[in-house]
Amino acid sequence: VEPSFLADYPIVSAYYEEWSFKPESLFGLQASADLSDGLSVTAQIVARGANEWKAEFEWAYVTYEINENWTVQAGKKRLPLFYYSDFYDVGYAYTWMRPPADNYTWQIFNYNGLNLLYSTEIGDWSLNTNIYAGTEDDNDNKLLGDYFFGGVETREIWKDILGGVVNLSKDWFEVRLTAMQYTNERYIDGERTYWGDADHRDGKFYGAAFNFDFDNWFILTELSRLDLDDTFDTSMITFGYRINDFTPFLAYSQFEQDSDDGENHNTQSAGLRWDFHPSAAFKVQYDKVEDNSYNLAVAGDSDSITFGIDLVF
């Protein structure tokens, strides 16, 4: 793979030595229809520069509010592995230019299935939970095909997905815990992949986020572990300070595979968000990537600077 700055792993937004507007530019539309009596439908269409501006449905699901606490949903949704998964594409919702890539790295980020939501108040605490189940079949996984298997078409299947999320918050503190299990199958250039004698493997994912917000200061943290053939650990931490419409920040993220010849990289970031309009934010971010992988270098070392504007309407 040509040395590059891989800004976004699941979408594969990659920059090279020349300036480019294309890799992370996107346009999205979300529509919801209230069908009354607690029933509604939601759809989200996104066109990305990294995908040649091909418009695709990222979300398409039906929601039924059973009562004030319980809600059930069915259809295509974002796989809720991380704190920012649900609004990953809405850059205006977070401080950075993009969620830290070493932490937000897995090749599957949507699923088709069912989920059950529960929300309530426990004293001064807000509790939100989500239990979900489903599957995802990506016929041409760009991350695996382009960066790990030499440009060969790769079909990635995650089936028997079963997971849960618990989010608890109060005043300046918030904690989010998540766990998921799934079965992985894969086809490379049409040929089924075998891991030893098995044509599948089981994975277990665990994650936690702890966020602190003290008026102007805030600290964002997140870490995860995937137990598959090896153990894969990711983490990130961000420090930020709000000065009127300006928010400077520092961030660090890393990916570590528990193997002598595995994947290992980290990113040091510094940036500034400027909320120059009620519905728009200008951002600038510097990223220094160190790719310390022994045999499985993903994109190599890089230094990059990114400018962008995030809009909501």
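Which side chain of opposite charge is nearest to aspartate 8, and how far away is it? Keep that in mind while we look around.

Before you click, note that this is a predicted model, where local features need pLDDT of at least 70, side-chain atom pairs count only at pLDDT 80 or more, and totals for chains, interfaces and linings use all residues. Residues are numbered from 1 along each chain as its sequence is written, and side-chain values use heavy atoms, with hydrogens and water left out.

Start with the whole protein chain as a cartoon. You'll find one helix and 18 strands (DSSP runs: H or I of at least four residues for helices, E of at least two for strands, numbered from the N terminus). The C-alpha atoms fill a box of roughly 50 × 45 × 35 Å along the principal axes.

Next, colour by charge. The protein chain carries 21 positive and 53 negative side chains (Lys and Arg versus Asp and Glu, with His and the chain ends not counted). The centres of the two sets lie 3 Å apart, placing each charge at NZ of Lys, CZ of Arg, CG of Asp or CD of Glu.

Now select strand β1, residues 5–8, and zoom in on aspartate 8. This residue is buried, meaning under 20% relative accessible area with a 1.4 Å probe, protein chains only. Show arginine 48 too: that's the nearest side chain of opposite charge, 5.9 Å away, and aspartate 8 has no salt bridge (a side-chain nitrogen of Lys or Arg within 4 Å of a carboxyl oxygen of Asp or Glu).

Conventions
Buried means under 20% relative accessible area, exposed over 50%, partly exposed in between (1.4 Å probe, protein chains only).
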